[in-house]
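Here are my notes on the model you asked me to look over. Keep the viewer open and click along as you read.

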Amino acid sequence: MAPTVTSVHESEPKVASIKTLAGSDALTSVPSEYAYIMDPNDKGDANDPEHSIPIIDFALLTSASPDERAQMIQKLGKACQEWGFFQVINHGVPESLMKQMIDACQRFFELPEVEKKEFHTKNLLDPIKCGTSFNVAIDKVRLWRDYLKVIAHPKFNSLYKPAGYSEVSLEFSKRTRAVATEILNGISESLGLEADYITKAMNWDRGCQILAANYYPACPQPDLAIGIPPHTDHGLVTLLIQNDMCGLEVKHNDQWVLVNAAPGSFIVNYKSIWHRATVNNTSTRISIAVPHGPALDTPAVPIPDLLEKEGEKAKYIGMTYEKFMELQASPAAYMMPCLDHLRVKDN
Ligand SMILES: O=C(O)CCC(=O)C(=O)O
Ligand SMILES: [Fe+2]
């Protein structure tokens, strides 16, 4: 999930939401404080088959047939190593539930600004927060994006408005977490570990799950603005859904690739992979990123058994998930992969 920089460097936005700004009839160009120049040659071709993220079939990953399961685990391991991003199909979460979740978030974003104000909090781990996100800490660019973040696990938090959000988000968060659990089990096995190795080590039963919705209204000059600039997520695994608009781009082999996922699939981000959200001039894009992390007090460290097996020294220091999230949200980590801060210097 993209960081929401919350520090003394942040100044009050001039508008309550990008939705309000984008909805103004007078807006025909991107205001200078939102200007983010993207190199038009630095864009991936969504139709290039070489550049589509791998597909993981969840039904095979959880198949009763050991052969089918083994094959999909191998494919999952390869997808994690080569891409760090993949799409998951046949996961059993009803497409209607995903759509209801997106609709509920859309209805939240469309509430009158005064009704959203009570959720304009500043602290990183506040259970519910919304706002319009920008970072003036480094390059003074404001983002073409409003957000809503709700912590759904270990304690389920919810909104009392709009009507229906609470029920839908409870069901969606449970079902999504169940898929995330199986993906982590598969990743553990792909590394030659017991299926529950990662979840046990990360205290998954107390693990942190955040429902992070992003709202990107149509932008008059999409090449001159950015929804979310390049960043890496902080969780163990992030599952993302979107409405019928694309916009997520992933850096692969030094090239940006536009993710063109099958309708109803989850887009999954496992490793600390550079990605960004672009905007369009056609219609509002909504995405819901659901990062699943360890329990907040649990240090994430390089897996000792794997280091021993490979005869390697640890390349990263350990850090609790809470500290890692704080680091990721600090100006120091802006526009750089957060894991770089944890790299052991002499390795
Ligand atoms: O909207 C998207 O596709 C990307 C969202 C994202 O990267 C995030 O919330 O961390
Ligand atoms: Fe992200």
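1. Start with Asp42, which sits in the loop between helix 1 (18-22) and strand 1 (55-57). Helices here are DSSP runs of H or I with at least four residues, strands are runs of E with at least two, and both are numbered from the N terminus. Asp42 has a relative accessible area of 25%, so it is partly exposed. For that word the cut-offs are: buried under 20% relative accessible area, exposed over 50%, partly exposed in between, with a 1.4 Å probe and protein chains only. Now look along the chain: Asp42 and Val257 are 215 residues apart in sequence, yet their C-alpha atoms are 9.3 Å apart in space. Not counting residues up to four places away in sequence, Asp42 touches Trp256 and Arg276, where contact means heavy atoms within 4.5 Å.

2. Before you go further, a word on ground rules: this is a predicted model, in which local features need pLDDT of at least 70 and side-chain atom pairs count only at pLDDT 80 or more, while totals for chains, interfaces and linings use all residues. Residues are numbered from 1 along each chain as its sequence is written, chains are lettered from A and ligands numbered from 1 in the order in which they are written, and side-chain values use heavy atoms, with hydrogens and water left out.

3. Arg276 turns up again at Gly247. Leaving aside neighbours within four places in sequence, Gly247 is in contact with Leu258, Arg276, Ala277, Thr278 and Arg285. You'll find Gly247 in the loop between strand 7 (237-242) and strand 8 (248-252). Is Gly247 buried or exposed? Gly247 is buried, because its relative accessible area is 1%. From Gly247 to Leu258 is 11 residues in sequence and 6.7 Å in space, C-alpha to C-alpha.

4. Next, the metal. Which residues coordinate the iron ion (ligand 2)? They are His231 (NE2), Asp233 (OD) and His275 (NE2), at 2.1 to 2.2 Å. Donors are N, O and S atoms within 2.8 Å of the metal (3.2 Å for Na, K and Ca), and water is not among the atoms, so sites may look incomplete. Along the sequence, the donor residues of this iron ion follow the spacing H-x1-D-x41-H. His231 has 8% relative accessibility, so it counts as buried, and Asp233 counts as buried too, at 9%.

5. Check how two of the helices meet. The axes of helix 3 (residues 66-82) and helix 6 (residues 165-190) come within 8 Å and cross at roughly 85 degrees. The axes are lines fitted to C-alpha atoms, for helices over the stretch in contact, and angles run from 0 to 180 degrees between N-to-C directions. Helix 3 brings Arg69, Ile73, Leu76, Gly77 and Cys80 to the contact, and helix 6 brings Ile183, Gly186, Ile187, Glu189 and Ser190.

6. Stay on helix 6 for a moment, as Ser173 lies there. Ser173 counts as buried, because its relative accessibility is 3%. Apart from neighbours within four places in sequence, Ser173 is in contact with Ala152, Phe156, Gln209 and Leu211.

7. Most residues other than glycine have a negative phi, and most peptide bonds are trans. The peptide bond from His153 to Pro154 is cis, with omega near 10 degrees, and another cis bond joins Lys161 and Pro162, with omega about 0 degrees. Pro154 and Pro162 each lie in the loop between strand 4 (141-153) and helix 6. Asn203 is not a glycine, yet it has a positive phi of about 50 degrees; look for Asn203 in the loop between helix 7 (197-201) and strand 5 (208-216). Asn253 also has a positive phi of about 50 degrees, and it lies in the loop between strand 8 and strand 9 (255-258). Asn203 is partly exposed at 28% relative accessible area, whereas Asn253 is exposed at 64%.
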